[in-house]
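Colleague: I would like to go through some terms with you. Please show me the model before we start.

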Amino acid sequence: MGDDAANAEERFRDFVTSRWQAMLRTAYLLTGDHGRAEDLLQTALVRTHRRWNRIDDPELYTRRILVNLNVSWWRRRRFTEHLTDKIPETTAEDHHAVYDTRDALWAAVLTLPPRMRAVLVLRYFEDLPEAEVARVLDCSLGTVKSQASRGLDRLRDHPGIAALSRSETSEAQPSGAEAFGTGTNAKPRKETTP
Amino acid sequence: MTTPMEDRLRQTFAARAATVPEHADPHAAILRRIRRTRRRHRTLLGGALALTAVLGLTAPAILRDAALWPDTVLVQGRNAPDWPIRGSLAADTALLDAVRTRLDDPDTRILYAGDRAGHRVVVAISPRKRSMSGALVLYGEAGAPVGELDEQEPFVAGGSGAKDSEVIAWFSAEGDSPLLVLGSPRMTSVRISPSVAYRPDGTPARVTRTLRTDEGLLLTTVPDAKPGQAEIKIPLWESSERPLRLPWRISTSHDEDASFRADVARAAGAATGHVKTEQAAGLLYSLGSLVTPHPRLTYRYLWGGSLGPGRDALIATVSGPGTPTFLAVQTTRTAPDGSSEQERLGRVVETPDLSRPIGWTTALTGPRDSAAVYVPGGAGSRVELRDGARTIAAGTADATGFALFSPGLPQERLRACEYRVLNAEGEVTHRGRLDLGDLSRAVLGGPDW
């Protein structure tokens, strides 16, 4: 192995070591499943390694693959699930958890289409600016804005969240303002496409 | 201002992310995965080369240079597995069985099988196929046995996510540049833009044509497709504002690359300030759509410098043979782990006047967007930012002629601001806007074609 190749491997090792945990968290939020998150991230990093000397932004590249791979899996899930005798892991971990607000919100997040969920994860977990989310997803700024807005609307409209909202409203906000951002910042309800 | 929902979402994500367990040695796990992948590639490659020796065929492109195959893959849509099988060979059970046998997967779903225009085409989705999409294309001469068809990995793309929005597309830049697009039976046409032409003022204009499909399939050649420029659009999509760029493999040898980088280093050294060679080369690699290989680009670095810790910017002019010249501004943020991200702005410059100041905004300098102004030869010049009639920031250009401002305005408003350069007498010698556009859009045009 030449010096260049050795240096490249060293840089890749440093990248994986330093960014693994952060990217795994993102992968988990995208998938909702620990095992699949790790598999997804490994697959993405293998692709990143393949093009290591030709990409100048490995994190952006890896994130983009993570999102695309997850969307791909989600699309094919119905087609592939019957091929295995192992029951796919879903959100069963939530069934016995305390069904508090976060659990309800997490369960609602898992019902969102994968690209919409990706927009929310990048925006509200990674705290990326909208323009940066657009770069990662390779889409327009307008798409990011609309997906984020529609995603938040869908979360507000989710039955579990709406029920909690009503409960919190009756306990804490008798004036009628809803708990989940439907007060002064409220947006009109929109028809959304699954 | 954030809403309660946004705050709760942040808290929920943070709480969930905290449940992710630590991994003792992720790099070792990745290396094991890479070795497994390579073993699988070698197995496939061995089979393909054996076929080459016996039949005198060329090895499938995807296998010949798998490491260079671009990952420009978009996957949306969800209905391809439900499509009916189509094509002149759809009822040829022997051929379909041969496909399943070849793929070693009885659950392979064949979407299209037919002989068209002298070619045999099979499009299938195989659950065991570990490609990103699960889809594959077998392609060869009409009448060829299944074993002699080349296996290609398509990119699968979808539009709005609505019913029938998915397409499976495959393109090869080799030979006569075949393009295959398979959509739902409702897809009646595909729009193709093989290249970009430039108007006299240097703005890009798309060359386009619309081709009809047969049973939702288009099989054609695009010999005039240009690397990094060729795109397709599916009119069926409700939201077809987003074209799909055809993937392209660009291969250069190590020696060519080393020579190119040496040239870039020399050019970077001639700039005002300091231009990092790696970043200078990165700009040119991003402009492969102007011309390939990259050494054929004509470029000049004007300025480079720091925008703060881990932030750098450079200014260059770049053109390809017969293309306009583009002014390019690249801002790079480098993370502590060495990874970096770029923001590239630019516009066409009809007659490059390198003495004119350049102003732009960037979101990569921190939580607040910044405005940057470069005044060639303007060390010590006074620079002001104006929001309408109000001066919102002012400063003095440094020894390289550069000034950076963070006036605390959101980017959209900052982009509408004007910058002014004043001489020692306080006279305005230059004024301009900070709304330097997107470089990619300046070179390739927008999605509206």
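Colleague: Which are the buried residues of helix H6 (residues 130-137) of chain A?

Modeller: They are A:Glu132, A:Val133, A:Ala134, A:Val136 and A:Leu137. Buried means under 20% relative accessible area, exposed over 50% and partly exposed in between, with a 1.4 Å probe and protein chains only. Helices (H or I, at least four residues) and strands (E, at least two) are DSSP runs, numbered from the N terminus. This is a predicted model, in which local features need pLDDT of at least 70 and side-chain atom pairs count only at pLDDT 80 or more, while totals for chains, interfaces and linings use all residues. Residues are numbered from 1 along each chain as its sequence is written, chains are lettered from A and ligands numbered from 1 in the order in which they are written, and side-chain values use heavy atoms, with hydrogens and water left out.

Colleague: Why does A:Cys139 count as buried?

Modeller: Its relative accessibility is 17%, and the limit is under 20%, so A:Cys139 counts as buried. B:Cys417 is buried too, at 0%.

Colleague: How many disulfides does the structure hold?

Modeller: Zero, over all chains. A disulfide would be a pair of cysteine sulfur atoms within 2.5 Å.

Colleague: What makes E14 and E15 of chain B a pair?

Modeller: Two strands pair if DSSP finds at least two bridges between them. Strand E14 (residues 298-308) and strand E15 (residues 311-319) of chain B have nine bridges, in the antiparallel sense. In E15(B), B:Ala316 stands opposite B:Tyr301.
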